[in-house]
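Thanks, everyone, for making the time this morning. I would like to walk through one model with you, slowly, and say as I go which cut-offs stand behind each term.

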Amino acid sequence: MPLASSAATRLRVGGLTPLTTQDYPGELAAVIFCHGCPWRCRYCHNDHLLTTTPDELIAWAEVMAFLKSRRGLLDAVVFSGGEPTAQGALAAAITEVRTLGFKIGLHTGGAYPQRLAALIPLLDWVGLDIKALAADYPQVTGVPDSGRAAWASLELLLAANLALEVRTTPMPGFDHPDYLEQLMQQLVARGVQHYVIQSCHSARMRDQTLGAPYTLNPHALPNLPLTIERR
Ligand code: SF4
């Protein structure tokens with residue numbers, strides 16, 4: 001079994017969930033939370049992970065020691081964030097975890113399509129955040145052209161035929177049912193089959209001046225050829 005490589009040890013890990021049934025569909029998984037993100041979404045629920053220079057990190061050797069102790073008990077390991085693809089050490093870290101026999105999941109906002117394309121052969125499942133229509137992304141992330149990156153990432157994941165779940169946590173102001181239906185229509189047109197709408201929690205938003213989330217009627221989801229789950 002290879003020891004942690006120098007490349008993987010550079011992965012900046014800010015948190016580790018030892019067991020979850022929620023983060024990789026149908027599998028028992030651990031989640032590794034990676035530091036850093038190029039975007040600054042006003043409703044971000046993981047503000048503490050945005051910095052690239054955190055005060056405290058979990059050493060990669062500690063992560064690997066934990067995962068080795070869970071072989072046969074867990075099915076999968078999910079890399080989440082922050083934005084995991086922001087870190088150059090991600091591919092090396094995934095490669096090491098794969099050697100332990102776990103399936104690999106990735107939570108991403110699709111900020112770096114080219115990096116994501118290079119990672120696809122290492123992945124078994126992806127949860128991709130699509131936050132809004134492409135033109136509206138800068139109002140959500142604060143970053144020009146972020147919508148082009150996210151929707152390009154969607155296109156390449158669909159083209160790769162990788163197991164994919166598209167998720168939206170609607171930001172207040174972009175959460176009216178008419179807007180979400182327009183968004184879902186664009187997803188369906190591209191071939192998305194599995195879609196999750198996640199609740200936006202006011203108390204956890206980094207910008208507390210945002211208004212309260214729209215209260216979606218659970219029975220008012222559009223009739224589209226799309227499996228829609230609420231979380
Ligand atoms: S992409 Fe995700 S982690 Fe980054 S700022 Fe937005 S919500 Fe937070």
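Let me begin with helix H5, residues 146–160, which lies across strand S5 (125–129) and strand S6 (163–168) and runs at about 155° to S5. Axes here are lines fitted to C-alpha atoms, for helices over the stretch in contact, with angles running from 0 to 180 degrees between N-to-C directions, and contact between two residues requires that their C-beta atoms, placed from the backbone, lie within 7 Å. Helices (H or I, at least four residues) and strands (E, at least two) are DSSP runs, numbered from the N terminus.

Before going further, a word on provenance: this is a predicted model, in which local features need pLDDT of at least 70 and side-chain atom pairs count only at pLDDT 80 or more, while totals for chains, interfaces and linings use all residues. Residues are numbered from 1 along each chain as its sequence is written.

Asp145, in the loop between helix H4 (137–141) and H5, has a phi near 70°, a positive value in a residue other than glycine. Asn161, in the loop between H5 and S6, likewise has a positive phi, near 60°, and is not a glycine. Asp145 counts as exposed because it has 11 C-beta neighbours inside 10 Å, and Asn161 counts as exposed with 9 such neighbours inside 10 Å. The rule is that a residue is buried if 20 or more other C-beta atoms lie within 10 Å of its own, exposed if 12 or fewer, and partly exposed in between, with C-beta atoms placed from the backbone.

Now to the sheet itself. Eight strands form an open sheet in the order S1-S2-S3-S4-S5-S6-S7-S8, and the pairing is mixed; two strands pair if DSSP finds at least two bridges between them. Strand S1 (13–20) and strand S8 (227–230) each have a single partner strand and stand at the edges, so one side of each is left without a neighbour in the sheet. Direction ignored, neighbouring strands of this sheet are turned by 20° against each other on average.

Which residue of S4 is the bridge partner of Val77? Strand S3 (residues 76–80) and strand S4 (residues 103–108) run parallel and are joined by four bridges, and the partner of Val77 is Ile104. S4 also pairs with S5 in the parallel sense, over four bridges, and there Leu106 stands opposite Val126 in S5.

S5 deserves a moment of its own. Five of its five residues are buried, so this strand is largely enclosed by the rest of the structure. Both faces are covered, with Trp125, Gly127 and Asp129 buried on one side and Val126 and Leu128 buried on the other.

Turning to helix H1 (residues 60–69), the buried residues are Trp60, Val63, Met64 and Leu67. Seen down the axis of H1, they fall within an arc of 95°, so they line one face of the helix; the arc is that of the directions from the helix axis to the C-beta atoms. Ala61, Ala65 and Ser69, on the other side of H1, are exposed. The buried residues of H1 pack against S1, strand S2 (29–34), S3 and helix H2 (90–99).

In H2, Leu90, Ala93, Ile94, Glu96 and Val97 are buried. They cover an arc of only 160° around the axis, which puts them on the same side of H2. Their cover includes H1, S3, S4 and helix H3 (113–119), and just after H2, Gly101 takes a positive phi of about 95°.

Last, the ligand. What surrounds it? The shell consists of Cys37, Trp39, Arg40, Cys41, Cys44, Asn46, Leu50, Gly81, Gly82, Glu83, Gly109 and Thr141, where a residue is near a molecule if its C-beta atom, placed from the backbone, lies within 6 Å of it. By class there are five nonpolar, five polar and two charged residues, taking Ala, Val, Leu, Ile, Met, Phe, Trp, Tyr, Cys and Pro as nonpolar, Asp, Glu, Lys and Arg as charged, and the others, Gly among them, as polar. Within this shell, Gly81 and Gly82 are joined by a cis peptide bond, with omega about 15°, and Gly82 sits in the loop between S3 and H2.
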